[in-house]
Amino acid sequence: MERITIDVVSDVVCPWCYLGKARLELAIAEVQDEIGVDINWRPYRLNPDYPREGVDQKKAHKMLTDLGREVGIAFDFEAIKIGPNTLDAHRLIHWAMIEGREKQDKAVAALFKANFEEGRNVGDHAVLLDIAEKAGLDRSVIASLLASDADRDLIVAEIKAAQEMGVNGVPFFIFDQQYAVSGAQTPDVLANALRDIAKAKAEARSGLN
């Protein structure tokens, strides 16, 4: 079975990223008998200039609500009162990854859900600590990390590197660090991309033998 690593560049306040995550999961489910997939979540900030406390925003997205419903996301844009600064959320995702992909995925899923379905401010440390705990991280360790500047520069540098590589919108999927797919593509497009890459890898390997 071929294994493919996907780096997903996203922001937890990007509704298209949440949609993209759900669609990617459907694509992975479609090819799981033939291809193994490992996901790394990479940071991006749509609104890097937002203050730490976030900004007030109220707007409905009917099309996104409909698209979300198709993949099991209950978008509640009315509930989102604050557009948060997501730097600390990305720090949390980074710390979760240190403990393993499973914890990172749980943290990412909980951040998207908190922001888009529960209207919680994912820039708020109390919210982040609840999410960290649910993802299986040590609450007191994360609390002291959040209170510090730990890994702040690393996240900013990683976002800058993505932008320099040509990422100017999210979600952005990078397959095996060489093939890129931009935007919240439908599950069939993503599944086909996975199949094409797996086939190319298998052919390259048989050519080496």
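Q: Where does glycine 169 lie?
A: This is a predicted model, in which local features need pLDDT of at least 70, side-chain atom pairs count only at pLDDT 80 or more, and totals for chains, interfaces and linings use all residues. Residues are numbered from 1 along each chain as its sequence is written, and side-chain values use heavy atoms, with hydrogens and water left out. Helices (DSSP runs of H or I, at least four residues) and strands (runs of E, at least two) are numbered from the N terminus. Glycine 169 lies in the loop between H7 and strand E5 (172-175).

Q: What does glycine 169 count as, by its relative accessibility?
A: Buried means under 20% relative accessible area and exposed over 50%, with partly exposed in between (1.4 Å probe, protein chains only). The relative accessibility of glycine 169 is 24%, so this residue counts as partly exposed.

Q: How far apart in space are glycine 169 and valine 71?
A: Along the sequence, 98 residues separate glycine 169 from valine 71. In space, C-alpha to C-alpha, glycine 169 and valine 71 are apart by 22 Å.

Q: Which element gives the largest share of the lining of the second largest pocket?
A: A pocket is found on a 1 Å grid over the protein atoms alone, as an open set of points where a 1.4 Å probe fits, with protein on both sides within 12 Å along at least five of seven lines; lining residues have an atom within 4 Å of a point. Residues lining the second largest pocket include Asp7, Arg42, Glu158 and Gln177. E1, E2 and H7 are the elements that give two or more residues to this lining. The largest share, 4 residues, comes from H7.

Q: How many aromatic pairs are there?
A: Rings of Phe, Tyr and Trp (its six-membered ring) pair if their centres lie within 6.5 Å; planes under 30 degrees apart count as stacked, over 60 as edge-to-face and the rest as tilted. By this rule, the number of aromatic pairs is 7.

Q: Is the pair of tyrosine 18 and phenylalanine 116 stacked or edge-to-face?
A: Phenylalanine 116 counts as buried because its relative accessibility is 2%, and tyrosine 18 does so at 9%. Their ring centres are 5.9 Å apart and their planes at 25 degrees, so the pair is stacked.

Q: How many of the 12 residues of H3 are buried?
A: Helix H3 (residues 87-98) reaches 17 Å from its first C-alpha to its last, close to the 16 Å expected, where the expected span is 1.5 Å times one less than the number of residues. Among its buried residues are Leu87, His90 and Trp95, and the elements covering the buried residues include H4 and strand E1 (2-10). H3 is mostly covered, and the number of its buried residues is 9.

Q: Which element gives the most residues to the largest nonpolar core?
A: A nonpolar core is a set of buried Ala, Val, Leu, Ile, Met, Phe, Trp, Tyr and Cys residues joined through side-chain atoms within 4.5 Å. The largest one has 65 residues, of which Ile6, Phe175 and Leu194 touch the most other members. With 8 residues, the element that gives the most to this core is H1.

How values were computed
Contact means heavy atoms within 4.5 Å.
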